[in-house]
Amino acid sequence: MEKVFNQFKNMLIVHPKYKGYVCGYNDSHIILAIESTSKDFFRKMHNPYIMEEYKDAKYRYAFEDERELIKQSVNETSKSI
């Protein structure tokens, strides 16, 4: 996961109901930081690595699928060509 995280860290991921930045990972997931006070997102995770700038109470965390990172990365690349 660390290799995938390093490739996509700080990337903005946009979903229909929220958006967040790739901010960390654990053994099996990439983690997004989402500015929200909603309880709909995870706050406690098992053995996460989270970048210092995203360790703030204003952020909630959600797991992100690696396929979504690749999809949005490809879409951004094709827009800039």
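Lys and Arg are counted as positive and Asp and Glu as negative, with His and the chain ends left out, and each charge is placed at NZ of Lys, CZ of Arg, CG of Asp or CD of Glu. On this basis, the mean positions of the 13 positive and 12 negative charges of the protein chain lie 4 Å apart. The structure is a predicted model, in which local features need pLDDT of at least 70 and side-chain atom pairs count only at pLDDT 80 or more, while totals for chains, interfaces and linings use all residues. Residues are numbered from 1 along each chain as its sequence is written, and side-chain values use heavy atoms, without hydrogens and water.

The protein chain contains 2 helices and 5 strands, taken as DSSP runs (helices H or I, at least four residues; strands E, at least two) and numbered from the N terminus. Their order from the N terminus is α-β-β-β-β-β-α.

Strand β3 (residues 30-35) is joined to strand β2 (residues 19-25) by 4 bridges in an antiparallel arrangement; pairing requires at least two DSSP bridges between two strands. These two strands form a hairpin with 4 residues between them, and tyrosine 25 stands opposite isoleucine 30. Strand β3 also pairs with strand β5 (residues 59-64), antiparallel and over 6 bridges, with isoleucine 34 opposite arginine 60. Of the 6 residues of β3, 5 are buried (under 20% relative accessible area, with a 1.4 Å probe and protein chains only).

Glutamine 72, in helix α2 (residues 66-79), is likewise buried, at a relative accessible area of 11%. Excluding residues up to four places away in sequence, glutamine 72 touches Met11, Leu12, Ile13 and Val14, contact being defined as heavy atoms within 4.5 Å.

Technical notes. Buried means under 20% relative accessible area, exposed over 50%, partly exposed in between (1.4 Å probe, protein chains only).
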